[in-house]
Amino acid sequence: MNSINTINHVTWSSKLAAFAKGTLAVLPLTIAVVPWGILAGSYAMEAGLSPLQSQAMSAILFAGSAQLVATGMFKLGAGLLSMLVTTVLITSRHFLYSMAMRPKISGLPLKWRLLLGYLLTDELFAIANQNKAEHFDRWYALGGGLSFYLGWNIASAVGIVAGANIENLDSWGLDFAIAATFIAIVVPNIKHGSSLLCVLIALVSSVACELFAVPGGLLISALLAMGLATAYAKWRGGEQ
């Protein structure tokens, strides 16, 4: 009996250690996203949502860029179908994330796949794919995903309170956190020529589309960057 208790203790200790490691790995990104979460909460209040509705958006939708866009569309009186289609397009990159992580999580029980799928964000994908050769640890991923989820919702709650009590909160420049967060995610993962090419093409093409007011510029830039970078990688003999 003592040996069984010892094994269980060791097992739970390793799980908690992996959970804590995942939490620490995503902590810099959690801190970086706090201004973004505050902006999302305050913007929802400004759009006319109640505090409960505003917090529910962060708790259920849990997608920063989609939340801001959907909130803006709601404020402008856009229809439900338009908001749903836009949200799907904005979050479509998560389909690519899930496909990339499928070999790692396909063998997990359904409850784990659903949980990690719900918690999957740009930030979780970044930390969970840093060392592709290592064995995937579900508890590490859970620590990163759950702590980021809690951080986002706490920041949103702060934004909801601030939005109800502080005027012109959107003039504080909190939206810079959006760019800063993605820079922090992308830069450490530029390890090959194809990755660098993808970033440069996306950067130049998105700026050009913005300058010339091209509709759907971000989507065009993303597809162009991925397509040309993939072609370059194949030309280089399968470089990832």
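In which hand, left or right, does helix 2 cross helix 4? Helix 2 passes helix 4 in a left-handed crossing, a term for a near helix turned anticlockwise from the far one by less than a right angle (right-handed if clockwise).

The model is predicted: local features need pLDDT of at least 70 and side-chain atom pairs pLDDT 80 or more, while totals for chains, interfaces and linings use all residues. Residues are numbered from 1 along each chain as its sequence is written, and side-chain values use heavy atoms, without hydrogens and water.

The protein has 12 helices and 0 strands, counted as DSSP runs numbered from the N terminus (helices H or I, at least four residues; strands E, at least two). Of its 240 residues, 34% are buried (under 20% relative accessible area; exposed is over 50%, partly exposed in between; 1.4 Å probe, protein chains only). Among contacts (heavy atoms within 4.5 Å) between residues at least 6 apart in sequence, 77% join residues at least 24 apart.

The axes of helix 2 (residues 34–46) and helix 4 (residues 64–75) come within 9 Å and cross at roughly 15°. Axes are lines fitted to C-alpha atoms, for helices over the stretch in contact, and angles run from 0 to 180 degrees between N-to-C directions. Helix 2 is therefore roughly parallel to helix 4 (under 35 degrees; over 145 is roughly antiparallel, 65 to 115 roughly perpendicular, the rest oblique). Residues making the contact include W36, L39 and Y43 of helix 2 and L68, T71 and K75 of helix 4.

A search of the whole structure finds 2 salt bridges, each a side-chain nitrogen of Lys or Arg within 4 Å of a carboxyl oxygen of Asp or Glu.

| Salt bridge | N to O distance |
|---|---|
| K75 and E46 | 2.7 Å |
| R93 and D122 | 2.7 Å |

K75 lies in helix 4 and E46 in helix 2, so this pair ties together parts 29 residues apart in sequence. K75 is partly exposed at 41% relative accessibility, and E46 is partly exposed at 40%. The other pair links R93 in helix 6 (residues 93–105) with D122 in helix 8, 29 residues apart. R93 is partly exposed at 22% relative accessibility, whereas D122 is buried at 6%.

E123 also lies in helix 8 (residues 122–128). E123 is buried yet has no salt bridge; R93, the nearest side chain of opposite charge, is 7.0 Å away. For charge, Lys and Arg count as positive and Asp and Glu as negative, with His and the chain ends not counted. Beyond its neighbours within four places in sequence, E123 contacts V26, L29, F148, T181 and I185.
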